[in-house]
Amino acid sequence: MNLKRFCILAGLFLVPLVSIAQVCEVNSTNIPADIPVPNADATASTFQQFSWENFLGINAAVVGGPPASKDQDPLWRSWSTVVDVLSCQVSPRPAGCECLDGNCSESGTRFYPGACRAIPDFQNYRVLGQRGQFDDSFLEAETNGLSNSPVLDRFGNFLRYEILVSPVTYDTIIEQSLWDWDVLDANEENLNLACGTAEYTGGDPAHPDMGDIQLKVAWLDADDEVGEALNLNHYYTDDLLVYTPAYRTTDGVERCELRTMAMVGMHITHKTLRQPGRIWATFEHRDLAPNCTERMPGSGITNTNMSCPSSVEEDFTLYGMQCNEDDPECAACNVTPESNDDLDICRNPTTPELIGWCLDQGPAAIEGTSKLCRHVAVEPPEIENVPAPIPNPLPDNYPQAAAWNQACVNELVINDHKPWSHYMLISGQWLEGDLLPPEPKPPATLECLNLVEDVFGGIVNPDVIQPKVETSNGGMKPFLGNITMESYGKSNCIGCHSRGSIRNSEGEQYNTDFAYFPSLNVYRQDNNFMTHRVTRPTNMCETPGFPAVLEFDLTGGAAGARVAEQSMNVLLGIEFPENLPDPEVSATDFEDFSQRWTHNGQFTQFIPDPSCSSGSCEVDRALPAEPGQRWLQLRTDPALQFSPDVPLYRTHIILDFPGLTCSDINPLEIRLWVSDDSQSVYANQVDSDNLAATLYLLPEAPPPMDLDYPQVPTLSRNALLALMMVLLLLGLREVRRF
């Protein structure tokens, strides 16, 4: 031991005993499966130590080893995200599922949207994506759902989020079929996820006795000039595929980009036998934001803490120096920035009433960048002159978290475990021990319980949640949030997650054991892709001089699933020779061609899609044009509204090439492509909800498509010529007979 470290450690004997119990082991880490003592004997230090040991253990490169170095992967990097596990269980399995040895029921499964599969070696990367109608890849959570509030850092980039589940949690989802809405909809009992047990000390997150662990990770885009502005040695970074759905881009084309991302926040929730309400922990990078200058508002005040310092003397990631002096670029303190969707084209089609956010654009010019301060003041641990003593006196807010922060950072710095020394525990959160079931005497054992109803009974009771902080009106309340994930609201992990519930088809409500993914990410639209049908085309080409007009009927409907209320565009693609003008497209009533097409009481038409006006198109898959050909794509306007009462659509389409006659068109050079944007919204849709058909100007067209089959076979030019030759020979034989 060096002299400096010996002297400081010796000086620790002068501080109160409550401050010297922290012994943080960083070179040999095991994820704890439960607190080591019964709740009756546990202190605040017990839970803050548990939180740090969770963080160190899951960030180790191997079970029981030290934190991962720069060229190593932490254990959780191989875990599946909620998007992965929920998307790859349906049948037929969607394209884009990469499963270990082809077995998607195993942890490590990955789901890649179509745009991500175009990235070279995409299988080597994880996707920051989303599933369902909730944009939880960039919007923050709030009580009972999802907010419409993103965070834009001082560089003008949106923070991105992902939720990962441990192998034990993955197994539970498979065993209980928690990926299947039909199972959840028929369920009548509260869910009950796995509990860790103190008897297991092996530290393996895949061991059944480890219990349910879920992570939520916040990422900052550190590519290009941002990486040059930050010291990336102080951040855990990963190369990730950042996915953006089509409706969040200004040109209506989905994106997937390989980017270097820096971790700026991590939530950890761990269910154990002694704490079946879970032990929650949240970690932040130390350089994110300054502390707010006032205490968190107490009861009766709806606003969160909005007391940013008047100026800062250094650049924080989420409060840059450009925000000093009330710079108009920055939003008000801890208030959602102004939307950058100036043209009102980047709205989620399932929530059209909410303002839009264009993820392919920078922030709004005025008040478009977040300006954040930490709601509950937390001082980062000393990192320069270590080993530093435990703070004395301990701070008012989360005192034992501060003690463990300094103890662990001391060891991380001394042992050169970068970048982990730059992350700090804000606090753990747990349930009051005397309100939990008492620990029985051996040989009896604790039972893995769902405590939501027993402890809360439908009402969030702050008295049972620890720790508490003093509020502006002198009261004590449990607040715990992460500035990267709960930036604009009062946060309380246990209180918020106790509201997670599902109301089944019988109208009965049950809770989801402090987990939100069953109610938010498993949805009624599973397998609810649109199947389209093109009936036999007709035409006006009775003679070569007639106008070049094609007509056909187009219908579609939900295949094999109930249709929840949703908005969806039908996309009509037409491939034709480059030398032809764009056809004029009109949609009329399915039965009365003289009337405009009406769907669900609204007149509907097809309008040119700006994301694909000519050349090669890409919506949920690439549509390369054949040589000498180009594509025109149109979409329904307004978007079609589907519900259980209106699950289908039917229309008659007329394609008119103005100024051309039948002699100007080769019918074998005109192809039709029909799909919908359900895959842009619902990530688990199969990739077969489109069809490719040739439009024929011949008297006899191909037979109509069966709704059960999503692909219409095309007849190649050679096949058609061969068929015509056979018919000609048969005709000559008949002539000779006479």
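Trainee: Why is Cys 88 called buried?

Mentor: This is a predicted model, so every value here is computed from it. Cys 88 has a relative accessible area of 2%. Buried means under 20%. Therefore Cys 88 is buried.

Trainee: How do you know that Cys 88 and Cys 97 form a disulfide?

Mentor: Their sulfurs are 2.1 Å apart. The cut-off is within 2.5 Å. The torsion about the S-S bond is about -100°, so this disulfide is left-handed.

Trainee: What makes Cys 97 count as buried?

Mentor: Its relative accessibility is 14%. The limit is under 20%, so Cys 97 counts as buried.

Trainee: Are Cys 493 and Cys 496 buried or exposed?

Mentor: Cys 493 has 9% relative accessibility and counts as buried. Cys 496, at 16%, counts as buried too.

Trainee: What makes the link of Cys 292 and Cys 373 a disulfide, and which hand does it have?

Mentor: The S to S distance is 2.0 Å, and the cut-off is within 2.5 Å. With 85° about the S-S bond, the link is right-handed. Both cysteines lie in the loop between E11 and H8, so the pair ties together parts that are 81 residues apart in sequence.

Trainee: How do you know that the length of helix H2 agrees with its residue count?

Mentor: H2 covers residues 44–58, which is 15 residues. At 1.5 Å a residue they should span 21 Å. The end C-alpha atoms are 22 Å apart, which agrees.

Trainee: Why is H2 called mostly covered?

Mentor: Of its 15 residues, 12 are buried. Among them are Phe 47, Trp 52 and Phe 55. The cover includes strands E8 and E10 and helix H8.

Trainee: What makes E8 and E10 a strand pair?

Mentor: Pairing takes at least two bridges. E8 and E10 have nine, in the antiparallel sense. Ala 218 stands opposite Gly 265 in E10.

Trainee: Why is Thr 484 called buried?

Mentor: Its relative accessible area is 0%, against a limit of under 20%, so Thr 484 is buried. Its contacts include Ala 218 and Gly 265.

Trainee: What makes the link between Thr 484 and Asn 482 a polar contact?

Mentor: Their side chains are joined at 2.7 Å. The cut-off is within 3.5 Å.

Terms used
Residues are numbered from 1 along each chain as its sequence is written. This is a predicted model: local features need pLDDT of at least 70, side-chain atom pairs count only at pLDDT 80 or more; totals for chains, interfaces and linings use all residues. Side-chain values use heavy atoms; hydrogens and water are left out. Buried means under 20% relative accessible area, exposed over 50%, partly exposed in between (1.4 Å probe, protein chains only). A polar contact is a pair of N or O atoms within 3.5 Å; within protein, one must be able to donate a hydrogen and the other to accept it, and residues adjacent in sequence count only if both atoms are side-chain atoms. Contact means heavy atoms within 4.5 Å. Helices (H or I, at least four residues) and strands (E, at least two) are DSSP runs, numbered from the N terminus. The expected span of a helix is 1.5 Å times one less than its number of residues. Lists of a residue's contacts leave out its neighbours within four places in sequence.
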